[in-house]
Number of protein chains: 2
Amino acid sequence: MARLLCDGTVELNGGVSVYSYGSAVGKMEGDGPLGACFDYIAKGAELGKETWEQAESTFQQYAFEIALKKGSFIKDDISFIFAGDLLNQCTGSAYGLRDTSLPFFGVYGACSTMAESLSLASLFADMRLGEYSAAITSSHFCSAERQFRFPINYGGVRTPTAQWTATASGCCIVGAADKPPFVKSFTTGKITDMGVKDANNMGAAMAGAAYDTIKRHFINTKTTLADYDAVFTGDLGQVGSDTLKELFERDNISIEGKHEDCGLMLYDREKQDVHAGGSGCGCSASVLCGHILPMIEKGELHRVLFAATGALMSTTSVQQGESIPGISHLLELSDN
Amino acid sequence: MARLLCDGTVELNGGVSVYSYGSAVGKMEGDGPLGACFDYIAKGAELGKETWEQAESTFQQYAFEIALKKGSFIKDDISFIFAGDLLNQCTGSAYGLRDTSLPFFGVYGACSTMAESLSLASLFADMRLGEYSAAITSSHFCSAERQFRFPINYGGVRTPTAQWTATASGCCIVGAADKPPFVKSFTTGKITDMGVKDANNMGAAMAGAAYDTIKRHFINTKTTLADYDAVFTGDLGQVGSDTLKELFERDNISIEGKHEDCGLMLYDREKQDVHAGGSGCGCSASVLCGHILPMIEKGELHRVLFAATGALMSTTSVQQGESIPGISHLLELSDN
């Protein structure tokens, strides 16, 4: 049974398995270095829909349907859905999952939403509140650009520190089962503000949150970096990854060789013009479901940390001169 | 230990108490019929802040601080916070609770957020994941008008079916304790779409969700309306309350005399120009924390349902011609 170790870290003892998972991405993500690992790659970003927002919702539907199919589930095998996204009032999820007619918890952790929703879904599985629960999230470059920056046809110039919102969705279906990957524990994020006010440098704004959560997880579980094969953050990009490295160096811990960032893994920054790397709820969600979970399932990774990161600002708060608070939710995943 | 009865209804058996609770409201809410019951009534809506958004965040801080104080807690007695609000990217909560440095789950259920956050906090209490968790939400008339409709100084005319966003916040601190009110169970909402496309008639859009959740709760717990002293919805307003009544009449159930709506309780519609009633996350939250919970604690109400309702649209989805999906999360509260 789940128990709180300390300060936001919950240990799960119920044999919680990420039984099934699905990923659906846009063309550009499919053209990237992880292209071969995604379940569905769209020919474009529209999916034949009238609006970018409808397309984003459809990516969520695809990821959910793929995860259901891969697990030989029907929709009604799912007891609870935990979902959220970056769109105002989380409409990507509300419209995407409207027709499921399943008990629905809306969650919001900006680009950390996959880790937040998976934490709660895993807890429900650990407590046997239903057999299976689903965690779903998405982002879409065009709906995000329109909402947070400029309509894409405006052709605004991007700064080198800016990140590229991934057109992608991921879905995990979790339940008690003797099948890796397993969710061993999670550490819930705290809102952390480093005083960064530049909305084009969200990686730096989120690095402090990732550092806080990863460090708390080490302390609360009495583990060190040496106990893990890898630590995946998402999505710090290049600037945030450099900051995270520096923060750990102050503790005399070198994360080099162990740390990878989903925002840096999704695209080929030499060939694809994504500046500091990828971002968006769908970025870490698709890298988790397309790359990390399969590697654990095959035994190529044994024990990893997945620390998704989110920037909790809005266009209004940035225009009002507020700094950008970050949050990072973490899960420990293993093959046994 | 918590168990899933059926179809989204979770029974709590751990003696979960709403140990402490606080409410903070604006002047207009203080002038309403429930004015005497709130813990803090502001002289205006600004709270001396530079922006409406900062004022909304400050209302959350006040509600949290009041709930802490009333329970003789210090901040670090709280193991997890569950919070959300109507502002884009839930910034009311992110900035309001930024300085708590506590593990934080962002949730989004539009105006049903109080019930959603309280469901999850109660579950954590039932599982003894920490001693106490907090559920917090807020809304602010001026920040909501600017975001969803027009800046208030524009002086736009409101339709008769429109609702008035409450300037208010509520906070519940839950834990295992032998002290009423108790949380006995919750039923998680499903996204329900009645095809309503008028963003000035959200009550009608949400009534179907309230009907679905309340009816499921009756079926899953094998209870009827007769088993409860009252069913509180929030915030259907007049139009939505009439629709809910009609929906139950089709099942030959008369909810009259048992049903009250937080949106109709908060204001005096004869004297206060709120059209169809109040709304906003803070509406049902402040009525819960100011009125319902104290009545249960005093034994004036023994067993009630609190079914908060939310409309899951955004301005973008409405402009794109989408209908408005609703959701309603429900808690069963009792004095023993």
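**View 1. Where α2(A) meets α5(A) in this predicted model.** On the α2(A) side, W52(A), E53(A) and E56(A) meet C142(A), S143(A) and R146(A) of α5(A); contact means C-beta atoms, placed from the backbone, within 7 Å. Sorted by class, that's 2 nonpolar, 1 polar and 3 charged residues. Here Ala, Val, Leu, Ile, Met, Phe, Trp, Tyr, Cys and Pro count as nonpolar, Asp, Glu, Lys and Arg as charged, and the others, Gly among them, as polar. Local features need pLDDT of at least 70 and side-chain atom pairs 80 or more, while totals for chains, interfaces and linings use all residues. Residues are numbered from 1 along each chain as its sequence is written, with chains lettered from A and ligands numbered from 1 in the order written.

**View 2. How α2(A) and α5(A) pack.** Helix α2 (residues 52-70) and helix α5 (residues 141-148), both of chain A, pack at about 135 degrees with axes 8 Å apart (axes are fitted to C-alpha atoms over the stretch in contact, and angles run from 0 to 180 degrees between N-to-C directions; helices are DSSP runs of H or I, at least four residues, and strands of E, at least two, numbered from the N terminus). That makes the pair oblique, the label left once angles under 35 degrees (roughly parallel), over 145 (roughly antiparallel) and 65 to 115 (roughly perpendicular) are taken out.

**View 3. Domain 1 against domain 2 in chain A.** The bounds, 14-176 and 182-334, come from an automatic or database domain assignment. Across the boundary, 49 residues of domain 1 touch 52 of domain 2. On the domain 1 side, β2(A) gives the most, with 8 residues.

Note on methods. Contact = placed C-beta atoms within 7 Å.
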